[in-house]
Amino acid sequence: MASMDKAASIFGNIIDEKDYQKACDNKERLAKRYGADSGTSCHLRVRELPAIGEPLGARNLVPTADMRPLDLAADAAASPAPPKTPFTREGAAGKPVVVANIRMGFGHYRIAMAMASAAHAMGYTPYWLDFMAFQDTAAGKIIAQQNKLYSMGSRLSQKVAPFNSLYWEPLNSEGFRKLSYNASDQKAAELMTEPLTDLPRDVPYIGTHAWTAQAAVHAGLTHVVNAIPDNWPMALHLAEGSIHTVQTPSAYLGYKALRGMDKGRTLQPMPDGSLVRTGHYIDHELVSNIEADCERRLARLANGEPVRYLLSVGGAGAQFDLFKGIIEHLMPRIAIGQAALMVNVGDHEKVWKRLVRAIPELERATTHFEDFAETAAFANAALDGPMEGVHAFYHSDIFAAVYSTNLLMRCCDALVTKPSELAYYPVPKLMIPRVGGHEAWGAIRAAEVGDGTYELESLDEVTAFIDLIHYQPSTLAFMNENIVAAKQAGTYNGAYEVVALATQEREG
């Protein structure tokens, strides 16, 4: 085994020779299929970022054939000064923070948006770096293929029960948990450094997927934070050499002990300084308006206004039948003014068309398609204005597709979602069945904080809870009160804390 090889020894835990060799063989297969360009220079240019660029003050880093060196500090210094907020840090203006991400579903994009939002609120200039934008590199090709496989698995898991119980759930809860899995990913990440060659080595860098953090460490970056998304400890998310952050105390303890990551032996724990519990990764726009938005929800409940439900349908439409059943259950209440419904299908218009075919009454829905400015205006007007009927949202631009849910969360009364990254958001939530075993602990966290339900495991359980909300509105009041209390305790300050860790002065 090579010395200092991050696939050979992980936090001092030596990887079995057989597993190490498998990791090396996997890297070789990937290199043959997608190329081995990690030593190649990839030049970057700064471009405007669609939809979220202006509200988050974010800029986009994209590949270019231009050979001139990237001057990130000069671009950040020339960017418009961000507004002063209570979180603004002295000396932050004109300094960059790179937020690296991948599109795998909507989750990692949403977490990256939270980091960009927090960085902007703290006075920094956030730079968006999506590895899948580098389609001609090994990194872009490998991640695109993995995203395709993951989306296919998610859909199959909802359609084929044996596949879910015998393969998908075990893979997502136990397969990704193994230390040997991280060894394989570490070798693969050695092929993913090309998009980072133009970055200053000491630039503050936040990875919102482990591959982006692993690649940054392999590339020699010195200020890398690895923002771990899940509440279930898995070796998949380890990137030794970075500072790891988690959102919850249970995740902290599980990762600290590397719990269950090699059940055949007792593992050395993560060393002090390598792991920090920050709190939930939430956008500044949501955190700073928690009290006002909860007051609005409580006022609507007291006035007997329609209960506003927001359904965030995953990009692949993996839970189509479940969403169809929820909408059918809500339609009679919508008809008599007891409920209103917002459905965001993201960037998958075909999901909405399929819903309309299955539920003809949706033909009468008000559609908000492709015009992000109109969607933003609708969400803003709905904060204090009325809402009725059904509203559908679709944007082919991925940034608008994802961020629309963030805007609509503020004016909804209850978000209906699987317990993935949205489980941590400060809005009353109905947690529908998970897609992958790793999501289970997201619902547990929401239930313990009290800002969401436990995992509602069937359509009948989801519709029963909807009925409970209408028979006993105090149920939603309870969640809003808990959101305010959690905000006061700093529960939702995780994104600010991650940015602070990335930008702190420390030795490379």
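This is a predicted model: local features need pLDDT of at least 70, side-chain atom pairs count only at pLDDT 80 or more; totals for chains, interfaces and linings use all residues.
The residues concerned are Ile111, Gln247, Tyr281, Glu421, Tyr424 and Tyr425, and the space they line has a volume of about 30 Å³.

The count of cavities of 30 Å³ or more comes to 2, and the largest cavity has a volume of about 60 Å³. Leu286, Asn289, Ile290, Asp293, Arg297, Met409, Arg410, Pro426 and Val427 form the lining of this largest cavity, which by class holds 5 nonpolar, 1 polar and 3 charged residues. Two helices, H11 (290–303) and H15 (398–411), each contribute at least two residues to the lining of the largest cavity, and the largest share, 3 residues, is supplied by H11.

A disulfide is a covalent bond between the sulfur atoms of two cysteines. The structure holds 0 disulfides, and Cys412 is accordingly in none, the nearest cysteine sulfur being that of Cys411, 6.7 Å away; for a disulfide to be assigned, the two sulfur atoms would have to lie within 2.5 Å. Is Cys412 buried or exposed? Cys412 counts as buried because its relative accessibility is 0%, where the cut-off for buried is under 20%.

Notes. Residues are numbered from 1 along each chain as its sequence is written. Side-chain values use heavy atoms; hydrogens and water are left out. On a 1 Å grid over the protein atoms alone, a cavity is a set of points where a 1.4 Å probe fits but cannot get out, and a pocket is an open set with protein on both sides within 12 Å along at least five of seven lines; lining residues have an atom within 4 Å of a point. Grid points are joined across faces, edges and corners, and a volume is the space filled by probe spheres set on the points. Helices (H or I, at least four residues) and strands (E, at least two) are DSSP runs, numbered from the N terminus. Ala, Val, Leu, Ile, Met, Phe, Trp, Tyr, Cys and Pro count as nonpolar, Asp, Glu, Lys and Arg as charged, and the others, Gly among them, as polar. Buried means under 20% relative accessible area, exposed over 50%, partly exposed in between (1.4 Å probe, protein chains only).
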